[in-house]
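Hi everyone, thanks for coming. I'd like to walk you through one model today, so please have a look at it first.

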Amino acid sequence: MSRLTRRLATAALAASAVAGLVSPLASASAAPTRHGFTSVRLNGFESKLVADVNNARRQAGIGSLTVIAGATDVARRWSWKLADSQLLSHNPSLVGDINGAGSSAWTQIAENVGEGPSDNPDALFRAYMASPEHRANILDRGSRYLGVGTVERNGVAWNTLDFTNAYSNSYGLTRVPAAGLTMDRDPITQTTDVAMINGVDQRFASSQRGNLKASRLAFSTAGNGSAFTYLRQRGATVGMGGVFMRDALDLSKASQLAVQVSARGNRAGKVPVHLYLRRSFGNTVDLGAVKVGAGATWLYFTLPAAARTFRNSLDMQVTAKAVKAAGGTVKLAVYDVRAIV
């Protein structure tokens with residue numbers, strides 16, 4: 001059984017999920033062409049749901065929706081909140097979020113939210129289509145772009161679909177990687193390079209909390225390709241920041257995890273980098289910390305029994321205290337991730 005709900009028109013938001021009212025604050029302009037848009041990496045549930053949506057639109061003689069990074073970030077952030085609360089509700093900040101995610105020129109937006117079995121995206125799609133309001137959003141001829149986010153918790157997929165009719169590709173890459181789902185896991189039965197960064201890898205992003213600020217993740221293809229962020233400490237030495245990777249990693253057969261990283265501060269010396277393995281709404285395993293210098297270094301971590309299971313997040317973190325000791329700024333770079341069997 002799948003439950004779902006939808007956005008209703010409100011005067012405060014000046015938008016409707018039924019057909020999309022024109023916002024009196026929004027200026028109409030031609031949306032950019034779809035050519036040149038960076039494709040968005042989706043998890044299995046998101047990918048199948050988008051395929052179902054576009055298949056239904058084609059059967060109705062309507063153009064397919066293009067999945068865009070900005071609205072997808074908005075949808076994913078909201079799906080994380082839905083999964084955390086385990087209650088369906090609509091994003092009260094949808095208009096502002098969409099405005100700040102490359103779609104400020106929209107003249108109509110809409111949102112569907114729902115939940116269903118995490119291994120059956122078709123079931124949720126059928127539930128959407130069985131509801132006249134949700135079906136209307138999916139088959140709206142005025143919509144051109146789609147954001148999709150799905151987060152799994154205890155076998156339940158919490159989903160958000162955000163529709164819009166305008167987008168600027170200047171937003172760039174996604175900033176919220178797709179959540180790793182159990183339906184996507186592929187058991188690692190031999191030593192495998194799960195990430196060799198030779199260019200953009202949308203599984204990676206930067207993270208921050210407390211008084212430590214992390215720049216948006218960037219990628220380098222020079223020499224040994226890397227994903228990197230600049231960590232800057234301000235005020236009290238509270239918090240952590242770094243680089244994380246989301247994927248469906250089945251480490252039940254692995255004995256070690258190896259990461260190749262570097263950490264360069266304003267002052268000479270090595271910086272302690274902490275490695276964590278997480279599972280969404282599950283336990284976190286602290287694999288420890290190793291001091292790293294400015295040169296790319298392989299770090300090897302033995303996986304305890306608690307870590308040799310399904311994992312969907314790998315975090316490489318530096319504390320605010322360590323950043324301050326390194327001179328207030330640290331460039332943290334990740335080059336490779338390897339599971340060793």
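Before I go on, some housekeeping. This is a predicted model, in which local features need pLDDT of at least 70 and side-chain atom pairs count only at pLDDT 80 or more, while totals for chains, interfaces and linings use all residues. Residues are numbered from 1 along each chain as its sequence is written, and side-chain values use heavy atoms, leaving out hydrogens and water.

Back to the rings. Phe, Tyr and Trp rings (for Trp, the six-membered one) pair if their centres lie within 6.5 Å; planes under 30 degrees apart are stacked, over 60 edge-to-face, and the rest tilted. By this rule there are four aromatic pairs. One of them is the tilted pair of Y145 and Y167, at 6.2 Å between centres and 50° between planes. Y145 lies in strand 4 and Y167 in the loop between strand 5 and strand 6 (186–187), so the pair ties together parts that are 22 residues apart in sequence. Both Y145 and Y167 are buried. Helices (H or I, at least four residues) and strands (E, at least two) are DSSP runs, by the way, numbered from the N terminus.

Now, is helix 2 mostly covered or mostly open? Mostly covered: 12 of its 17 residues are buried, among them W78 and L82. These buried residues pack against several elements, including helix 1 (44–59), helix 3 (94–99) and strand 4 (145–153). After helix 2 comes Q86, with a positive phi near 60°.

Next, R41, in the loop between strand 1 (3–6) and helix 1. R41 is partly exposed, at 31% relative accessibility. Leaving aside neighbours within four places in sequence, R41 is in contact (heavy atoms within 4.5 Å) with R76, A178, Q202, R203, R246 and D247. R41 and R203 are 162 residues apart along the chain, yet their C-alpha atoms are separated by 7.9 Å.

Finally, the cores. A nonpolar core is a set of buried Ala, Val, Leu, Ile, Met, Phe, Trp, Tyr and Cys residues joined through side-chain atoms within 4.5 Å. The largest has 42 residues, and those with the most contacts inside it include F204, L257 and L314. Strand 18 (residues 329–340) gives the most to this core, with five residues. A second, separate core of 36 residues includes F45, I98, W106 and Y167, and Y167 brings us back to the tilted pair with Y145.

Note on methods:
Buried < 20%, exposed > 50% of the residue type's maximum accessible area, 1.4 Å probe, protein only.
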